[in-house]
Amino acid sequence: MSKAKGFSSLDDAESLRALVQNLREGIYITSAHGQILDANPAFLEMLGVASMDAFVAYGMSEMVVDPARRLLELDLLDRHGAVREFELQIVRPDGKIRTVLDTTHVCRDPGTREVFYHGILVDISSRKEQEDELREQSIRDPLTGCYNRRYLAEIERRLANPDMGWACIFIDIDHFKQYNDTHGHQIGDNTLIRMSRFLMRQVRAEEPVVRIGGDEFLIVLEGAGDAHVEMVSRRLQLAALRTAPVPFSLGWAARCPGEPFQQTVHRADQRLLAVRVVDRTTAGGRTGGDEDP
């Protein structure tokens, strides 16, 4: 039986053209150097451009945010002739970033042997945003917005290399249980929220503030030594005199060579206990570091 023709067959040129034009996935053809030679409307929409004219000076290499990822993809194409669902971040001409899955295979012109790449881009930006949001919720304390113990475990794994240097500051609100019992849990929760905001204002975005339980917080300073952690501790102490919501104590420690993560945290906690605030009229905390007896 002969194969049906027309729109019921992929052998029909008009059928294929209609399929390419109407798919929501972006279909493209590039040269071996990444110049975009042709693309369907979905590809243009994904990149936020009105016509192919926009790609005259804007090829695949310029689109990819991480050049190393693009080089890896090209290497896979050279070795295997195809890649499937290779995740990339691309930047549109208007500066917006999209996350896509790229499925590409190598084609050669039968006459000239010139190399072309035929590919399909699937935009997964919304899915990635949802995944990132869910992950962010899983590693954040729902009350204060600080990181939680799950994220602390990730930090511990990241800093497991014995050659990595880091430091931490252990923070504890003074007599919080008594304060909580006197004023009520709602006021206590509000105090924890205000305290967390105070701490996060005093450190850089890459220096996580972790709520490790109750009224205890930990600040982790990756790559820091004694001088830097002491500087941050003193800054916290000075800021506390002006804007801390309640009195607190802190202790700090820098990692000794090869020291386990929890041991460094324990030393910071012990320094805190050694210098526990006794003057409750001061809206701040004394600091304890490795120089304390």
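L16 is partly exposed, with 37% relative accessible area, where buried means under 20%, exposed over 50%, and partly exposed in between (1.4 Å probe, protein chains only). This residue lies in helix α1; helices (H or I, at least four residues) and strands (E, at least two) are DSSP runs numbered from the N terminus. Together with L10 and L19, L16 makes a nonpolar surface patch of about 270 Å². A patch is made of residues with over 30% relative accessible area and no salt bridge, like charges being joined within 9 Å and nonpolar side chains (Val, Leu, Ile, Met, Phe, Trp, Tyr) within 5 Å. The accessible areas come from the Shrake-Rupley method with a 1.4 Å probe, and for residues only the protein chains shown count as cover.

The model is predicted, so local features need pLDDT of at least 70 and side-chain atom pairs count only at pLDDT 80 or more, whereas totals for chains, interfaces and linings use all residues. Residues are numbered from 1 along each chain as its sequence is written, and side-chain values use heavy atoms, with hydrogens and water left out.

The charged side chains may be considered next. Side chains of opposite charge can pair when their charged atoms come close. The structure holds 18 salt bridges, each defined as a side-chain nitrogen of Lys or Arg within 4 Å of a carboxyl oxygen of Asp or Glu. One of them joins the side chains of E45 and R24, at 3.0 Å from N to O. This pair links distant parts of the chain, 21 residues apart: E45 belongs to helix α2 (residues 41-47), and R24 to the loop between α1 (13-22) and β1 (26-31). R24 counts as exposed because its relative accessibility is 60%.

A further salt bridge connects E154 with R135, at 2.5 Å from N to O. Here the partners both come from helices, E154 from α6 (residues 149-158) and R135 from α5 (residues 125-138), and this link between distant parts of the chain spans 19 residues. E154 counts as buried at 19% relative accessibility, while R135 is partly exposed at 39%.

How accessible are the partners in the salt bridge between E207 and R204? Their side chains meet at 2.8 Å, N to O; E207 is buried, with a relative accessible area of 5%, and R204 is partly exposed at 46% relative accessibility. Salt bridges also extend into a network, which links E87, R127, K128 and E131.

A search of the whole structure finds five aromatic pairs; rings of Phe, Tyr and Trp (its six-membered ring) pair if their centres lie within 6.5 Å, and planes under 30 degrees apart count as stacked, over 60 as edge-to-face and the rest as tilted. Among these pairs is that of Y28 and F43, which is tilted, with 5.6 Å from centre to centre and 45° between the planes. The pair connects strand β1, which contains Y28, to helix α2, which contains F43, across 15 residues of chain. Both residues, Y28 and F43, are buried.

The pair of W166 and F261 is stacked, because the ring centres are 4.6 Å apart and the planes lie at 20°. W166 is in strand β6 (residues 166-173) and F261 in helix α10 (residues 261-274), so this pair ties together parts that are 95 residues apart in sequence. W166 is buried at a relative accessible area of 1%, and F261 is buried at 6%.

Ring pairs also link Y28, F43 and F55 into a cluster. A contact of another kind involves R140, whose charged end sits over the ring of Y147, 3.9 Å from the ring centre; this requires NZ of Lys or CZ of Arg within 6 Å of the ring centre and within 35 degrees of the ring normal.

A disulfide is a covalent bond between the sulfur atoms of two cysteines. The structure holds zero disulfides, the criterion being a pair of cysteine sulfur atoms within 2.5 Å. C168 is in no disulfide, and its nearest cysteine sulfur, that of C256, is 11 Å away. C168 is buried, with a relative accessible area of 0%, and C107 is buried at 18%. H175 lies in the loop between β6 and α7 (176-183) and counts as partly exposed at 36% relative accessibility. The C-alpha atoms of H175 and F248 are separated by 8.6 Å, although these residues are 73 residues apart along the chain.
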